[in-house]
Amino acid sequence: MSISELRAVECPHCFGKNKIVFYSSVTPSSDESLRNSILNGSLFHYKCIHCGYEARLNYPVLYNDTDRRFMIYLIPECDRRMITDRVIERDRTRMPPVKKRIVSDYNSLKEKIIIFESGLDDMAVELTKLALKIKTEKQYGIETDCGYFSFCDKRKVGFIFFDANTKEKYLETAGMKVYQKSLGIAARLGRKQRMSRAFINVDSIWAEEILYRYHKYGMEE
Ligand SMILES: [Zn+2]
């Protein structure tokens, strides 16, 4: 069940009062429209009823997909790599662990939802993204500052990268072979984290660490 609360907010522009629904937890299986409004951004969209000022609301929310068994905790500007979930750690069920991730911005929340809904492994996706980022930067002689999963079909996985200086978009693809190889590396070198019942941060920093270990020590843990 989703948990929300109606709060009075003072507009930062005209100081008028607005009533806004804040969600501390979103469960898409019980409310599909909430999932859609997260993906299209409307859930975090603020528009003042007095002056029309618009902004993005930035607050912590837990996205809990109980059907697909994943949870994503959006904590704006969070720099923690791991958050222990004591309640669930005590729960020794025979079910495989729920995938639990921390993200620190809205775009990463959206990306994780799309990755998990596509049935992909987010660790393998991050490793594939990193390999492709290195290739793209070399190929065009650019530096990119962020990249996001875009699509996946039977033959390839696509990502969008942004030039750090010009903000120009690059849509690049990697073959499924790269993803499969990444999956092997993630299964081996990310084994402990895959078994973890804590919320963990699986992002580009995570991928860089794994790739570094892979190049230095191979598949040894
Ligand atoms: Zn206003």
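Visitor: Where is T27 found?
Guide: This is a predicted model, to begin with. T27 lies in the loop between β2 and α1 (32-39).

Visitor: And what does T27 contact, leaving aside neighbours within four places in sequence?
Guide: T27 is in contact with M1, S2, N64 and T66, once neighbours within four places in sequence are set aside.

Visitor: How far apart are T27 and D67?
Guide: In sequence, 40 residues. In space, 9.5 Å, C-alpha to C-alpha.

Visitor: Switching topic. Which residues have a positive phi without being glycine?
Guide: F15 is one of them, at about 65°. E77 is another, at about 55°.

Visitor: Where do they sit?
Guide: F15 is in the loop between β1 (3-10) and β2 (17-26). E77 is in the loop between β6 (70-74) and β7 (82-83).

Visitor: Is F15 buried or exposed? And E77, buried or exposed?
Guide: F15 is exposed, with 10 other C-beta atoms within 10 Å. E77 counts as exposed too, with 7 C-beta neighbours inside 10 Å.

Visitor: Helices now. What does α4 look like?
Guide: α4 covers residues 122-140, which is 19 residues. From first C-alpha to last it reaches 26 Å, close to the 27 Å expected at 1.5 Å a residue. G141 follows α4 and has a positive phi, near 65°.

Visitor: Which residues of α4 are buried?
Guide: D122, M123, A124, V125, E126, L127, T128, K129, L132 and K133.

Visitor: What covers them?
Guide: The cover for the buried residues of α4 includes the helices α3 (106-117), α5 (176-189) and α7 (204-217). It also includes the strands β9 (144-152), β10 (156-163) and β11 (169-175).

Visitor: Which α3 residues are buried? And what do they pack against?
Guide: L109, K110, E111, K112, I113, I115 and F116 are buried. The buried residues of α3 pack against α1, β5 (61-65), β6, β8 (99-103), α4 and β9.

Visitor: OK, the core. Which members of the largest nonpolar core touch the most others?
Guide: Y63, I72, Y73, L74, L109 and L127, out of 31 residues in that core. α4 gives the largest share of this core, five residues.

Visitor: Take Y73. What does it touch, not counting residues up to four places away in sequence?
Guide: Y73 touches L62, I83, I102 and F199, with residues up to four places away not counted.

Visitor: Now the sheet with β9, β10 and β11. What is the strand order?
Guide: The order is β9-β10-β11, an open sheet of three strands with antiparallel pairing. β9 and β11 are the edge strands, each pairing on one side only. The twist averages 25° from one strand to the next.

Visitor: Which helix packs on that sheet?
Guide: α5 does, touching β10 and β11. The direction of α5 makes about 75° with that of β11.

Visitor: How many bridges join β9 and β10?
Guide: Seven, in the antiparallel sense. A hairpin connects β9 to β10 through three residues. Y148 has I160 in β10 as its bridge partner.

Visitor: And how many bridges join β10 to β11?
Guide: Seven again, with β10 and β11 running antiparallel. F162 has K169 in β11 as its bridge partner.

Visitor: Zoom out. How many helices and strands in the protein?
Guide: Seven helices and twelve strands. The radius of gyration is 19 Å, close to the 17 Å that the globule rule gives for 221 residues, so the protein is as compact as a globular protein of that length.

Visitor: What share of the residues is buried?
Guide: Buried residues are 24% of the 221. As for contacts with a separation of 6 or more, 60% are between residues 24 or more positions apart.

How values were computed
Residues numbered from 1 in each chain as written. Predicted model: local features only at pLDDT ≥ 70, side-chain atom pairs only at ≥ 80, totals over all residues. Helix = DSSP H or I, 4+ residues; strand = E, 2+ residues; numbered from the N terminus. Buried ≥ 20, exposed ≤ 12 C-beta atoms within 10 Å, placed from the backbone. Expected span 1.5 Å × (residues − 1). Contact = placed C-beta atoms within 7 Å. Core = buried A, V, L, I, M, F, W, Y, C linked by C-beta atoms within 7 Å. Rg over C-alpha atoms; globule rule 2.2 N^0.38 Å. Pairing = 2+ DSSP bridges. Axes fitted to C-alpha atoms, helices over the stretch in contact; angles between N-to-C directions.
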